[in-house]
Amino acid sequence: MTTERAGKPILVVDRLSKDFVVGKGGLFGESRSIRAVDEVSFTINRGETLGLVGESGCGKTTTGRLVLRLLEATSGSVHFEGEDILSLERDALRAVRRNMQIIFQDPFGALNPRMTAGELIVEPLVIHGVGDAVSRERKLRYLLDRVGLAAFHAGRYPHEFSGGQRQRICIARALALEPAFIVCDEAVSALDVSVQAQTLNLLQDLKRDLGLTYLFISHDLGVVRHISDNVAVMYLGQIVEMGAKGSIFRSPAHPYAQALLQSVPSAAKGRKSFFTIEGDIPSAANPPSGCRFHTRCPIAVERCSSERPALREVMPGHLAACHLAGTPANPVHTEELI
């Protein structure tokens, strides 16, 4: 792997949407459509990490799976290294997927309990016909060492490992085909705090040494702050704020992002009070009109309930979907807050 072409876009997502049809079924059952992801757009440069953050149910995981085409999109486009993967046929998509991998939230659920760690790690090589038995064994030893496991671990089964060790096996498995891009879907949320730190540091080291690019999905702002270069905040299927990590944590412009940051002790320390979130997140089956956050927003005005705000630049490179961002009701804060 190489860091050549670092800084250039590796992934460009444009107006990506996903509708799910749900209903009772049967002869007289009624069905309805739920838009889980609603015209999401973002770009990730090679060698960078985009942190995608938001409450449970906001569409983060669905977005990650759409990007890898593990789910079929309703509309929009996903260009990976200049190629629209949503238009690829099966064989062409299979070839591209060697360069795009995923690390799931639950390492135990992601691993076949009837296979040893070694078998699990080399399985992608077998499926894609990469190398022979000798080269695969050599690659296995390298990958185990790279993620901090010993050679003897190859013969053990998933239930014989701790949660952190199982996630290291998942990481080694994701690295087997030498991908350039990895979706980390809540990759540390199921781990103890101390193990989270070790795993995050491992992911950072791998990114640096192997030139990896991450889409890092998490509900934990502290984790996102640690690992991300840029941050996108999702609410009810839409991106409501996006920018460089420092800018998002220093100068959040959307009331939802402000409220999220207010809830993080380390980020809120010494900070003037922002907004707090009241009420429950609305149902994706019946989202509010206009700005989807207006039913919980303390500064919402009549316009917010009828007109969807565009994701616009409120500071250089910093986008927010809020009608009131930069107004006296919601001024953009530029003082050092972290």
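A residue is called buried when its relative accessible area is under 20% and exposed when that area is over 50%, with partly exposed in between (1.4 Å probe, protein chains only). The model shown is predicted, so that local features need pLDDT of at least 70 and side-chain atom pairs count only at pLDDT 80 or more, while totals for chains, interfaces and linings use all residues. Residues are numbered from 1 along each chain as its sequence is written, and side-chain values use heavy atoms, with hydrogens and water left out.

**View 1. Helix H5, residues 133-146.** Helices (H or I, at least four residues) and strands (E, at least two) are DSSP runs numbered from the N terminus. In H5, the buried residues are Lys-139, Leu-140, Leu-143, Leu-144 and Arg-146. Seen down the helix axis, the buried residues of H5 fall within an arc of 155° (taken from the directions from the axis to the C-beta atoms), so they line one face of the helix. The face turned away from this buried side carries the exposed residues Val-134 and Asp-145.

**View 2. The open sheet E2-E1-E4-E5.** Four strands form this sheet with antiparallel pairing, where two strands pair if DSSP finds at least two bridges between them. Strand E2 (31-45) and strand E5 (83-84) are the edge strands, each of which pairs on one side only. Two bridges join strand E4 (residues 75-80) to E5, and Phe-80 has Glu-83 in E5 as its bridge partner.

Note on methods: The expected span of a helix is 1.5 Å times one less than its number of residues.
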